[in-house]
Amino acid sequence: MAVQRLHITPRFSEVAISGNLVHLAGQLASDLSLDIKGQTQQTFDMIDRFLADAGTDKSQIMSVTIYLKDIEKDYAAFNEVWDAWVADIEALPRTCVEAKLYDPKVLVELTVVAVKA
């Protein structure tokens with residue numbers, strides 16, 4: 001089965017699709033001057049866009065891995081935005097960890113695995 005890749009850059013692709021399995025690369029905000037809520041919302045917006053490009057949506061997510069720069073400081077605020085994002089669907093499987101991210105201004109990064117309905 002061939003792998004289809006979307007939003008390809010010289011270093012990586014944002015989306016890889018094989019059959020009805022969809023993998024999103026680590027997603028993060030484009031405006032790193034935003035606080036955790038702003039970065040989280042921008043990240044969710046990118047995830048929604050890339051899932052749509054792959055022919056699916058957040059209701060078909062199989063797992064989300066959440067990387068927070070400072071879990072103690074940002075966990076509650078992240079969850080406020082998360083709860084609003086998933087309010088209209090069933091609860092998603094997720095893992096949330098603290099991580100040193102590639103740039104000190106990055107507060108949150110998410111990876112997603114979904115299926116096509």
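Predicted model: local features only at pLDDT ≥ 70, side-chain atom pairs only at ≥ 80, totals over all residues.
Residues are numbered from 1 along each chain as its sequence is written. Local features need pLDDT of at least 70, side-chain atom pairs count only at pLDDT 80 or more, totals for chains, interfaces and linings use all residues, and side-chain values use heavy atoms, with hydrogens and water left out.

**Whole chain.** Show the chain as a cartoon. It has two helices and six strands, in the order β-β-β-α-β-α-β-β from the N terminus. Helices (H or I, at least four residues) and strands (E, at least two) are DSSP runs, numbered from the N terminus. Along the principal axes, the C-alpha atoms fill a box of roughly 45 × 35 × 20 Å. Buried residues (under 20% relative accessible area, with exposed over 50% and partly exposed in between; 1.4 Å probe, protein chains only) make up 40% of the 117 residues.

**Helices H1 and H2.** Select residues 36-53 for H1 and 71-85 for H2, then show the side chains of Phe44 and Phe78. Rings of Phe, Tyr and Trp (its six-membered ring) pair if their centres lie within 6.5 Å; planes under 30 degrees apart count as stacked, over 60 as edge-to-face and the rest as tilted. The whole structure holds five aromatic pairs. In one of them, the ring centres of Phe44 and Phe78 are 6.0 Å apart and the planes meet at 55 degrees, so this pair is tilted. It links Phe44 in H1 with Phe78 in H2, 34 residues apart. Both Phe44 and Phe78 are buried.

**Trp85.** Phe44 is in H1 and Trp85 in H2, so the pair ties together parts 41 residues apart in sequence. Phe44 and Trp85 are both buried.

**Trp82.** Beyond its neighbours within four places in sequence, Trp82 is in contact (heavy atoms within 4.5 Å) with Phe44, Val64, Ile66, Leu92 and Arg94.

**The core.** A nonpolar core is a set of buried Ala, Val, Leu, Ile, Met, Phe, Trp, Tyr and Cys residues joined through side-chain atoms within 4.5 Å. The largest one has 28 residues, of which Phe78 and Trp82 touch the most other members. To see where it draws from, colour strands S2 (13-18), S3 (21-27), S4 (61-68) and S6 (108-115) along with H1 and H2: each supplies at least two residues of this core.
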